[in-house]
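Have a look at the sequence and the fold, and then read on.

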Amino acid sequence: MEYIKKLNNPKLVEGLLKEISYNKRPIKIMEVCGTHTMSIWKNGIKELLPQNIELISGPGCPVCVTPKSYIDKAIELSKKDNIIITTFGDMIKVPGSNSSLKREKAFGRDIRIVLSPLDSIKIAKKNPKKEVIFLGVGFETTAPIIALSIDIAEKENIKNYSILQGLKTMPNAIKTIIIDPEINIDGFIYPGHVSTIIGVKPFYDLSKEIKIPGVVAGFQYMDIIVAIYFLVKMINKKEGKVKNIYNRVVKYEGNKRALSMIDKIFTPSSSIWRGLGNIENTGLILKKKYNSYNIESKLDIKEMKSKVNKDCLCGEILKGKRKPIECKLFVKICNPSNPIGPCMISREGSCGAYYTYGKI
C-alpha cells in the first residue's frame, strides 16, 4: 500500500503531463500487456495525453491471441467419453467455429473452471477413470504453474492428467511487430506480468538488435504516465534503450526459480498467434520426457479447418493496425452478451476495454 500511496500523486502527474505536452511530433506507443490496456482505459489516460501521442494496444491478451483452431480442438475433446476439461475462466466464452466451451458445458459436457492447474491435479486424483485435460494457455506468467502441475503429476505418477498445449512467449512476438513496416511503433510499454518472470534482460537484448525504446512498467496510472514520459524523452533523443520503472517487482534476470521450472518441463517452439501467424520461438511445448502429458500424444486428434469470420477484425486489432470502432461488428453485433471474437470476451481484450470504458 505504501508504494501505491507514493505513486498516486496528482501534482506529480500534472507535472509529467506538462512535460509530455512539450513534444510536438506524432508518436505511437504500444502497450503490450492487456492489464496495461485496462488500466489506461479505466483511468482515462488517453484523454490526458496530447493528440499527437497515440496509445495502441498490442497482443498481450493470451486468450485473444489463441487461434480458433485451438478452441475447436478443445471443444472436440470435451465431446469425448470420460473426459474432464479444466480451464481458466476467460477461455470458456471464446467462440470456436461452431460452438464454445460454455455452450458445450450447457449441453452436459464436463467442463470446469479452475483458478490454477494445480486444481486440475486434485480433480484427476478424485476421478482416476477419467482423463483430466487442462487448457494450457498463457504467457510466461502462467507457464511456471503449468510446468509445476506436470512436475507433480510425474512425481506422483498421475497418469490421467494432461494439457492441451497453447503456451506462448512474448519477446519474439514483439520483435515481429517491430519489424512490420505497416505498424510503425515508436516505443513500447513492455508487459509487466511477463517481466516479473523473464526479467528485463530479454528486452535489453531486443533493444540492442532493433534500437526501439521500451519501458517495463507497473499497472498504477502513475506507472503508465511515467513510462510514457520516459518513452517520449527516449524517442526524441533517438535512444533505443530499455528502462525498468517496475523494479519493486521486476528484476534484471527475472524469477530464477520460475524460469528453472519452465526450463525443466518445456522447450521453445514455434507458435501460431491469432493475427500474427506462425512465429518462430514464441511457444513452449513439453520436453520428450514429459510428452506423455500432452493430450495430442495420448489421443488421436485430427486437425480441423476452422471457420474464419472475415468481418471480425480481432487479428488486425491485436497487431495495432485497426481499432475496435473500425470493426463493423463492434457493439451492434459483437458485444459482451454476444461475443464474436476473443478481443471482446477477455478482461484484457482491447474490444472489451473499449466497450466498457470508451465513448461509444
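## Disulfides

The structure holds 2 disulfides, a disulfide being a pair of cysteine sulfur atoms within 2.5 Å. Before going further, please note that this is a predicted model, in which local features need pLDDT of at least 70, side-chain atom pairs count only at pLDDT 80 or more, and totals for chains, interfaces and linings use all residues. Residues are numbered from 1 along each chain as its sequence is written, and side-chain values use heavy atoms, with hydrogens and water left out.

Helices (H or I, at least four residues) and strands (E, at least two) are DSSP runs, numbered from the N terminus. Both C314 and C343 are buried.

With the bonded cysteines of the chain numbered in sequence order, the pairing reads 1-2, 3-4. C33 is in no disulfide, and the nearest cysteine sulfur, that of C61, is 9.5 Å away. C33 counts as buried because its relative accessibility is 5%.

C351 is in no disulfide either; for C351, the nearest cysteine sulfur belongs to C343 and is 4.8 Å away. At 7% relative accessibility, C351 counts as buried.

## Helices α3 and α18

How do the axes of helix α3 (residues 34–42) and helix α18 (residues 350–357) cross? They come within 10 Å and cross at roughly 15 degrees, where axes are lines fitted to C-alpha atoms, for helices over the stretch in contact, and angles run from 0 to 180 degrees between N-to-C directions. α3 and α18 are therefore roughly parallel to each other (angles under 35 degrees count as roughly parallel, over 145 as roughly antiparallel, 65 to 115 as roughly perpendicular and the rest as oblique).

The contact, meaning heavy atoms within 4.5 Å, is made by T37, M38, W41 and K42 of α3 together with A353, Y354 and Y357 of α18.

## The enclosed helix α6

In helix α6 (residues 68–78), 9 of the 11 residues are buried, so α6 is largely enclosed by the rest of the structure. The buried residues are K68, Y70, I71, D72, K73, A74, I75, L77 and S78.

What do the buried residues of α6 pack against? Their partners include the strands β3 (83–87), β4 (111–113), β5 (131–138) and β6 (161–168), along with the helices α7 (101–106) and α15 (295–298).

## A buried serine

S195 lies in helix α11 (residues 192–198). With a relative accessible area of 0%, S195 is buried. Leaving aside residues up to four places away in sequence, S195 touches F203, V216 and V250.

Key: Buried < 20%, exposed > 50% of the residue type's maximum accessible area, 1.4 Å probe, protein only.
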